[in-house]
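Here are a few friendly notes to read alongside the structure. Take them one at a time and look back at the picture as you go.

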Amino acid sequence: MTSVAAPDVQRAVADLRPVLGDRLAVPGDAGFAATVRLWNRAVDRTPALVARCHDADEVALAVRVATGCHLPLSVRAGGHDWAGRALRDGGLVLDLTGMRTVEVDPAAGTVTVAGGATVADALAAARPYDLVLATGTVRAVGLAGLTLAGGYGPLCGRFGLALDNLLAAEVVLADGRRVTAGPDDDAELYWALRGGGGNLGVVTRLRYRAHRLPAALAGMILFALDEAPDVLRGYRDVLAAAPDELTVMAGFLPGPAGEPLVFVCPTYSGPDLAAGQAAVAALRALGTPLVDQVGPLAYEDVTRMFDGGMTDGNHYLLRTRWLPGLDDAAVEVLVDAARRITSAHSAVALHHFHGAASRVGSADTAFALRTDHLLAEVIAVWTPTDDPGPHHEWAERTSAALAAHALPGGYPNLLAPAETDRVRLAYGANYDRLLRAKRRYDPRGVFTAVPTLAPSPSGGPDDGGSAPAPPPRAASGGG
């Protein structure tokens with residue numbers, strides 16, 4: 001019989017307090033509840049300790065203490081994971097929200113961020129140089145979490161996923177070592193980080209390729225629900241002819257009175273914004289717009305369009321499907337979901353994957369799905385006093401109905417913790433290689449992040465039959 005050592009919280013406090021001081025938070029401290037509060041109030045977990053780290057050395061210390069004291073470990077960077085995997089009951093939280101520095105090198109065309117930096121942090125720093133990063137659609141999301149599992153966003157067609165623009169990363173491994181991952185520094189870790197999520201270590205620094213983009217042609221167009229079938233079929237036709245520079249979201253959002261409205265949200269990122277006007281005109285012509293806000297915007301402002309879409313304090317449940325296209329049957333499922341929506345806060349979003357992102361080889365990064373598709377995001381939202389049952393049922397019913405029209409797997413960043421079977425399908429032929437990397441860099445399964453990878457059956461080193469890998473290189477300090 002295998003015995004499991006009991007967590008030693010007191011020893012962990014004794015080891016961390018001299019370094020962190022009052023940045024080590026424990027239950028009973030003033031403000032502890034606020035420290036562990038997430039935007040999704042459906043998450044209710046109480047960690048034993050929160051280590052609010054300011055640099056990679058402190059992160060490394062906290063990792064060593066957590067493993068030495070047998071404490072479950074989680075990492076909070078942006079803290080935006082809907083399932084709340086930034087927190088673990090009785091565990092030690094590595095809180096990186098104080099690590100938000102951004103360094104812009106206009107000459108090199110790069111932006112380097114600390115592990116807790118958000119999309120808003122990076123874009124604000126790059127804006128004076130007319131530089132942007134390939135980001136997601138929401139400014140409050142942490143760049144690290146967004147990047148490590150994918151990073152769909154408005155610039156996907158022209159510049160690829162967020163992870164396609166990651167040049168290097170500084171990582172603290174499960175044994176506390178700091179290493180650098182890049183094309184010439186531990187290329188296998190670099191491969192695994194780009195899609196494998198935070199399952200290999202704590203990423204404390206990321207360097208990105210930046211792109212010059214003074215402005216984009218972007219905005220929201222809203223139509224009445226009864227026009228949804230025609231709008232979505234027309235949206236499908238626009239996507240079929242879309243150049244790389246045009247990436248278009250669509251779906252359903254709540255209107256002023258909470259009624260579901262169908263939306264299309266184009267972002268044209270070409271150097272000549274006038275060239276995008278024809279595509280925008282085609283989208284306007286799909287129905288009778290109730291709202292039309294498309295115009296030239298700085299990219300930082302493009303990412304403000306969904307500000308307020310997620311309200312702190314509400315409860316959230318997300319489901320995700322990958323759609324190879326938008327055939328009439330899928331359109332019918334989506335429209336039916338909008339008509340049956342159970343909350344004035346819930347939504348459905350379709351994220352457009354094409355262009356530069358689809359020209360990356362499926363084996364070049366751990367993120368494997370490189371064919372044109374739509375990511376369908378089903379977002380159930382309700383207030384804390386509501387019965388969650390109807391909202392859960394709506395999300396599950398919609399997801400199940402879409403499954404008949406979907407590709408295997410789903411976007412790992414949005415899959416539920418229990419959906420490990422779909423995680424495996426999401427990685428396809430890359431899964432075995434990713435699991436070998438997991439066993440190499442984290443043989444004891446210290447990190448259980450988004451997406452959660454199946455633990456090693458033996459808890460030991462790689463048993464995949466390959467030759468032993470060389471040890472990771474020590475970090476050079478650059479990242």
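1. Let us begin with a word you will need: a residue counts as buried when its relative accessible area is under 20%. By that cut-off, 57% of the 479 residues of the chain are buried. Please keep in mind that this is a predicted model.

2. How confident is the predictor? The average pLDDT of the chain is 92, and 94% of the residues score at least 70. Residues 457-479 are a stretch to treat with care: pLDDT stays under 50 there, although the model has 47 contacts for them beyond four places in sequence. Where pLDDT is low, the predicted coordinates should not be read in detail.

3. Now for the overall build. The chain has 14 helices and 20 strands. Its radius of gyration is 22 Å, close to the 23 Å that the globule rule gives for 479 residues, so the chain is as compact as a globular protein of that length. Along the principal axes, the C-alpha atoms fill a box of roughly 65 × 55 × 45 Å.

4. Next, contacts and surface. Counting contacts between residues at least 6 apart in sequence, 73% join residues at least 24 apart. The chain exposes about 18500 Å², with carbon and sulfur atoms supplying 53% of that area.

5. How many disulfides does a search of the whole structure find? The search finds zero. For Cys53, the closest cysteine sulfur belongs to Cys69 and lies 14 Å away, which is too far for a bond; a disulfide needs the two sulfur atoms within 2.5 Å. Cys53 is buried, with a relative accessible area of 0%, and Cys69 is buried, also at 0%.

Technical notes:
Residues numbered from 1 in each chain as written. Predicted model: local features only at pLDDT ≥ 70, side-chain atom pairs only at ≥ 80, totals over all residues. Heavy atoms only, no water. Buried < 20%, exposed > 50% of the residue type's maximum accessible area, 1.4 Å probe, protein only. pLDDT = per-residue confidence, 0-100. Contact = heavy atoms within 4.5 Å. Helix = DSSP H or I, 4+ residues; strand = E, 2+ residues; numbered from the N terminus. Rg over C-alpha atoms; globule rule 2.2 N^0.38 Å. Areas by Shrake-Rupley, 256 points an atom, 1.4 Å probe, with all protein chains shown as cover.
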